[in-house]
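I opened the notebook for a walk through this chain, domain by domain. Here is what I looked up, in the order I went.

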Amino acid sequence: MITPDDLRRAAALLQGRIIRTPLVYSPGISRMAGAHVYLKLENLQKTGAFKVRGATYKILSNAGRVGPGGVVAASAGNHAQGVALAAREAGIPATIVMPERVSLAKQAATREYGAEIVLSGENLSESLEAAVRLAESRGAAFVHPFDDPEIILGQATIGQEILEDLPETDLVIVPVGGGGLIAGIASAVRVLRPQTRVVGVQAAACPSAALSCREGRRIPVDPERTIADGIAVSEVGGITFPIMRDLVEEIVLVDEDQIIEAMVLLLERKKVLAEGAGAAPLAALLGGSIAVPEGGNVVLVVSGGNIDPLVLDRVLRQGFLWNGRIMRFSVCLEDEPGSLVGLLALITRLRANVLDIHHARHERGMPITASRVDVELETRGHEHIAEITAALTAAGYQVQVRQ
Ligand SMILES: Cc1ncc(COP(=O)(O)O)c(C=O)c1O
């Protein structure tokens with residue numbers, strides 16, 4: 001059980017070593033949710049995610065006992081960078097075991113913080129086993145990503161900061177992987193303001209904590225692929241689980257579409273770049289399954305912002321299709337001079353901007369007198385798309401809208 005003294009000690013140790021991230025109000029999201037919604041921006045934390053808090057607290061608290069083997073951790077993402085940076089700042093060597101297929105970008109980011117990288121294992125569980133073996137063989141200290149009281153205490157400083165900045169917080173919504181983040185926040189909340197509710201969020205693709213809390217025992221799952229890879233942990237921790245079970249009101253699930261919509265919304269409305277896990281609390285809030293106190297104060301923990309630019313590009317395009325900022329369609333034209341110009345003139349009158357256009361004339365099955373045009377337009381929303389579709393249809397085009 002975390003005490004007020006523990007929280008003070010952790011905050012003092014982390015002060016000046018991590019960023020005290022801002023808690024920002026979002027009028028737009030507040031209107032959508034019918035409550036006052038604030039974002040705790042851990043995407044602005046050093047390394048781009050909250051993980052550096054737990055890692056720094058763990059490493060500094062034990063620095064005197066760490067031998068020349070340094071520290072060893074396993075991670076495919078944010079924990080790797082958190083441990084690497086925390087170790088470098090403490091002057092301790094760090095070795096990070098990563099799954100063999102982890103992206104080059106993640107390896108490079110971790111290496112930049114000075115860690116040695118060992119590739120081992122098909123997935124994170126295998127890397128974890130390899131890391132434990134490596135730590136034993138080198139006499140190094142193993143730093144678990146979530147199932148460790150000192151890691152949990154480091155993450156608890158987020159809850160403390162939230163309540164310092166907004167003492168009247170009614171509800172905190174937190175993404176859940178192995179449970180270190182939510183166990184820490186819920187423990188801090190219990191000590192500082194027990195009436196504040198804490199709700200967790202997982203991707204439906206990996207509902208390990210949600211299932212475990214429902215069944216009252218730890219249940220491993222086989223994760224499916226999810227955009228929220230930071231919270232795709234197959235089994236919650238033996239230490240984090242009882243804390244979650246006792247202090248967290250519920251754990252809700254969000255699907256991939258909801259997460260992507262939340263990522264796009266955060267970018268559009270707040271210029272906040274969140275990775276999938278970091279956007280999951282907003283997805284849950286807008287999903288409507290959490291009882292939100294009308295006019296109450298809700299804090300969403302935007303836990304990280306580390307996303308591969310290529311994945312981000314796909315997310316944005318998908319999001320723009322859904323919210324009507326992009327329209328894709330095909331039409332068939334008579335293959336004669338002026339027919340493409342006619343189509344473009346109509347599009348111009350409808351005040352849509354052409355982003356991409358492809359004129360196909362030689363495809364199989366196409367009548368010899370016709371051509372097909374695939375168009376991508378920048379549009380102003382679903383009403384604009386409906387107006388364009390109606391006008392094209394009225395002008396005699398057979399419009400095939402594509403996703
Ligand atoms: C961005 C992000 N959010 C949330 C989590 C979940 O944290 P925990 O495993 O402590 O539940 C992680 C874990 O790595 C993460 O990287």
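**Entry 1: domains.** I began with the division of the chain: domain 1 covers 4–49 + 148–319, domain 2 covers 52–142 and domain 3 covers 324–402. I kept in mind that this is a predicted model. I then looked up how far domain 2 lies from domain 3, and their C-alpha centres are 53 Å apart.

**Entry 2: the parallel sheet.** My next stop was an open sheet of four strands with parallel pairing, and I noted the order as β5-β4-β3-β6. Which strands stand at its edges? They are β5 (116–119) and β6 (141–142); each has a single partner strand, so one side of each is left without a neighbour in the sheet. I followed strand β4 (residues 94–98) to β5 and found the two running parallel, joined by four bridges. Across that pairing, T95 has E116 of β5 standing opposite. Helix α6 (residues 124–138) packs on this sheet and touches β3 (71–74), β4, β5 and β6. I also wrote down the angle between the directions of α6 and β3, which is about 170 degrees.

**Entry 3: around the ligand.** How many residues surround the ligand? I have 23 in my notes, and the closest are G177, G180, G230, S303 and G304. The largest share comes from α8, with three residues.

**Entry 4: the antiparallel sheet.** I moved on to another open sheet, where four strands pair in the antiparallel sense in the order β12-β13-β11-β14. Here the edges belong to β12 (353–360) and β14 (400–402); each has a single partner strand, so one side of each lacks a neighbour in the sheet. Ignoring direction, neighbouring strands of this sheet are turned by 25 degrees against each other on average. I looked closely at strand β11 (residues 326–334), which pairs with β14 over three bridges in the antiparallel sense. What is the bridge partner of R328 in β14? I found R402 there.

**Entry 5: a helix length check.** Just after α15 I stopped at G396, which takes a positive phi of about 100 degrees.

Terms used:
Residues are numbered from 1 along each chain as its sequence is written. This is a predicted model: local features need pLDDT of at least 70, side-chain atom pairs count only at pLDDT 80 or more; totals for chains, interfaces and linings use all residues. Two strands pair if DSSP finds at least two bridges between them. Two residues are in contact if their C-beta atoms, placed from the backbone, lie within 7 Å. Axes are lines fitted to C-alpha atoms, for helices over the stretch in contact, and angles run from 0 to 180 degrees between N-to-C directions. A residue is near a molecule or strand if its C-beta atom, placed from the backbone, lies within 6 Å of it. Domain bounds come from an automatic or database domain assignment.
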